[in-house]
Amino acid sequence: MPSYTFQDRDAGMMLVPPGQYVFGVEKASLELSKNSGNEQIAVELRILAPLAAGAKGPKVYDYLVFGEKSEWKIDCFLKCVKKAPKKGANLDISNAWLESAIVGSIGWAEVVEEEYNGKKKNKVGFYITNP
């Protein structure tokens, strides 16, 4: 008899038009970037608003890579979800910290649409730090 683990996945890929949206952080974890090999924070965001009444927004995935040329995005994300420390403060980021401090956070992002391998998907254009 087969065993199955329910994962509450959505059917198909729902897209929202490009624009500014409120999101909630559903998951955040440390992993290695497949492109650079650097550590990164993988975030799974759920678009919350503005949506039609009763609609469940799509998930949008983003990757915040630790590296000299891309750490600005981590700063913007932390400011966006109101978790930024004082300038110069050092954060020890762990999966436990991400789960307790980041998951459940709310923020605003400019969501764009891109095509990859012939399929359209939403992605974060930038995080809005002062909505």
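Buried means under 20% relative accessible area, exposed over 50%, and partly exposed in between (1.4 Å probe, protein chains only). The model shown is predicted, so local features need pLDDT of at least 70 and side-chain atom pairs count only at pLDDT 80 or more, while totals for chains, interfaces and linings use all residues. Residues are numbered from 1 along each chain as its sequence is written, and side-chain values use heavy atoms, with hydrogens and water left out.

View A. Five strands form an open sheet in the order 3-2-1-4-5, with antiparallel pairing. Strand 3 (59–65) and strand 5 are the edge strands, each pairing on one side only. Direction ignored, neighbouring strands are turned by 45 degrees against each other on average. Helix 1 (residues 71–80) packs on the sheet and touches strand 1, strand 2 (39–49), strand 3, strand 4 and strand 5; its direction makes about 130 degrees with that of strand 3. Helix 2 (residues 95–102) also packs on the sheet, touching strand 1 and strand 2, and its direction makes about 160 degrees with that of strand 1. Helices (H or I, at least four residues) and strands (E, at least two) are DSSP runs, numbered from the N terminus. Two strands pair if DSSP finds at least two bridges between them. Contact means heavy atoms within 4.5 Å. Axes are lines fitted to C-alpha atoms, for helices over the stretch in contact, and angles run from 0 to 180 degrees between N-to-C directions.

**View B. Strand 4 between its two partners.** Strand 4 (residues 106–116) pairs with strand 1 (residues 19–32) in the antiparallel sense over six bridges. Its antiparallel pairing with strand 5 (residues 119–128) runs over nine bridges. Trp108 is the bridge partner of Val22, and Ile128 in strand 5 is the bridge partner of Trp108. Strands 4 and 5 form a hairpin with two residues between them, where Asn117 in the turn has a positive phi of about 55 degrees.

**View C. Salt bridge between Glu26 and Arg46.** A salt bridge (side-chain nitrogen of Lys or Arg within 4 Å of a carboxyl oxygen of Asp or Glu) joins Glu26 and Arg46 at 3.2 Å, N to O. The pair links Glu26 in strand 1 to Arg46 in strand 2, 20 residues apart. Glu26 is partly exposed at 34% relative accessibility, whereas Arg46 is buried at 6%.

View D. Glu113 and Lys120 meet at 3.8 Å, N to O. Lys121 pairs with Glu114 at 3.7 Å, and shared partners join Glu114, Lys121 and Lys123 into one network.
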